[in-house]
Each structure stands twice: as C-alpha cells, then as structure tokens.
Amino acid sequence: MLRDAGVLWLQITGGEALIDPQFAAAYEYATGLGMMIQVSTNGSQLHKVRMQELFARLRPYRLTVSLYGATGETYDSVTRNRGAFDRFTRGLDASRAAGLPVRINIIVAEENAHEVDDMVRLVEDRWGFPYQVFTNMSPTIDGEAKPLASQAQKYVRARRVFTGCNAGHTFFHVDPHGIASVCKIGRDPSVNLMTEGLTALPRLGGIAESLQLRTGGCSGCSKVGTCRTCRPLAKLHQEAGDNRSLYCQHGGYGA
C-alpha cells in the first residue's frame with residue numbers, strides 16, 4: 001500500500017526494530033519495492049553476522065544509531081541494560097569495517113551529561129561517523145512525563161521559530177496496524193489504511209491543519225508569532241505536566 005501511495009523514503013523505527021523476527025523479511029521486501037530505507041536502532045544487533053550480511057547485500061540509505069554514554073558504566077546505567085555498551089561498540093565497529101552509512105544521534109540526559117564531550121570524541125576518533133547531539137527530551141506519545149525527568153536542564157536548546165511543516169502533506173507516520181497519522185507526534189485523529197484504503201490518505205492534510213490550531217492551554221497566546229514548538233508537541237508537554245521551561249516562552253523557553 002505504501003508503494004502504491006508513492007512512498008519513496010521509509011524510516012523503520014521501534015522500540016528496537018532489529019530484534020523483531022520479521023524485520024529482515026520486511027526490510028528486504030520494502031527494498032525490493034524501490035524504497036530508500038532508513039533504520040533507527042540502538043546498534044545492539046549490528047554486530048551479528050546475519051545483520052551485517054543483510055545490510056551488505058541490501059545497502060540501507062542510512063542507519064541511525066543512538067548513543068547514550070562514552071563508557072560502559074554510564075551507557076549501561078542510562079539504558080538499564082547490562083552489557084549494552086559492549087554490544088553497541090561491537091556493532092559500530094562492524095558497521096565501520098563494512099562501510100555502512102551510519103549516523104549517530106548522541107542523546108544527552110541528566111545521567112550522561114558529564115560525558116557529552118567524551119561521546120563526541122568517541123564518535124569522531126573511533127568511527128568517524130557523522131553525528132548530531134540531541135539535548136531536548138520530549139514526553140511519550142501517551143503524554144507520560146517519565147522522559148522529562150532525565151532532562152539535563154542546562155543543555156536544553158531552543159528550537160527554531162516554528163513556521164509550519166509538511167506533516168500530513170508530503171509525509172506521514174503509520175504504525176504496525178496500518179493506522180496512519182500526520183507524524184509520530186500528532187497521532188490523533190488518524191485514518192485506518194487497512195479498512196479505508198489509500199483513499200483515506202488525503203484527509204491527513206486537513207487533519208494536519210486542524211492540529212496546529214492554538215487550542216487548550218495555547219488559546220489566545222500573545223507569543224504565537226515567535227513560538228518554537230508545534231502545537232501537537234506542546235499538547236504532549238501539557239498533558240505531561242505543563243513544564244513550560246521545556247517548550248513555552250511563557251516559562252522561559254527560548255529566552
């Protein structure tokens with residue numbers, strides 16, 4: 001259905017997608033349909049021969065790998081998974097040797113903020129992969145505030161002024177059950193591709209416009225012209241406890 005919709009670029013995410021027993025088959029099928037595949041992963045499975053063979057045979061457009069620490073102690077503490085750092089480094093070493101197109105997302109949290117510079121050096125000196133440093137935590141899509149508790153406050157960086165995006169117009173999110181939404185943040189309202197088919201997709205444009213309306217806690221905002229947070233993300237923050245310093249100018253965000 002995604003092929004018939006004209007999808008050219010497909011990002012496969014999780015959880016950890018590579019542990020799914022159907023990942024290889026789905027990846028190979030999507031590649032065969034002519035899509036550019038980007039896989040988001042924690043890197044824990046990349047050292048395994050079957051994964052290296054799969055990506056050598058069917059080269060991905062990109063592997064995006066998250067980094068949570070420069071040492072085993074910190075990395076394993078953040079992920080709460082003993083031995084995770086060892087699996088991560090083995091996976092990155094194997095991917096570098098194979099010349100795979102990897103990009104690293106350095107995730108900064110309260111528990112690993114003291115290793116930010118070390119994480120950057122690790123990526124630059126050991127692997128030489130391109131990287132980005134992510135410092136802003138977001139609530140879960142269910143509005144839970146748990147990730148915000150790990151926010152390293154002094155590393156919060158203001159986003160650019162929000163001037164709109166193409167969510168629901170030139171790209172969309174779809175879950176394993178065929179429920180399509182404008183993006184991974186704004187998941188409601190949605191359309192059901194399995195019951196309605198591709199004729200439902202054009203409705204996402206109107207849904208996207210409706211989700212950007214300043215409603216709820218943003219109604220009548222005097223700073224709407226310089227707001228740095230899209231309305232769906234602001235709503236998640238509000239549902240998680242309205243910690244305005246993380247997203248709203250009225251709380252000091254972006255000041």
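User: How many aromatic pairs does the count come to by the rule?

Analyst: The count comes to seven aromatic pairs, where rings of Phe, Tyr and Trp (its six-membered ring) pair if their centres lie within 6.5 Å, and planes under 30 degrees apart count as stacked, over 60 as edge-to-face and the rest as tilted. This is a predicted model, in which local features need pLDDT of at least 70, side-chain atom pairs count only at pLDDT 80 or more, and totals for chains, interfaces and linings use all residues. Residues are numbered from 1 along each chain as its sequence is written, and side-chain values use heavy atoms, with hydrogens and water left out.

User: What makes the pair of Phe-23 and Phe-55 edge-to-face?

Analyst: The ring centres of Phe-23 and Phe-55 are 6.3 Å apart and their planes stand at 70 degrees, so the pair is edge-to-face. Phe-23 lies in helix H1 (residues 23–32) and Phe-55 in helix H2 (residues 49–57), 32 residues apart; helices here are DSSP runs (H or I, at least four residues), numbered from the N terminus.

User: Why is the pair of Phe-88 and Trp-127 called edge-to-face?

Analyst: Their ring centres are 5.8 Å apart and their planes are at 85 degrees, so the pair of Phe-88 and Trp-127 is edge-to-face. Both Phe-88 and Trp-127 are buried, and they belong to one aromatic cluster whose members include Tyr-68 and Tyr-75.

Conventions:
Helix = DSSP H or I, 4+ residues; strand = E, 2+ residues; numbered from the N terminus. Buried < 20%, exposed > 50% of the residue type's maximum accessible area, 1.4 Å probe, protein only.
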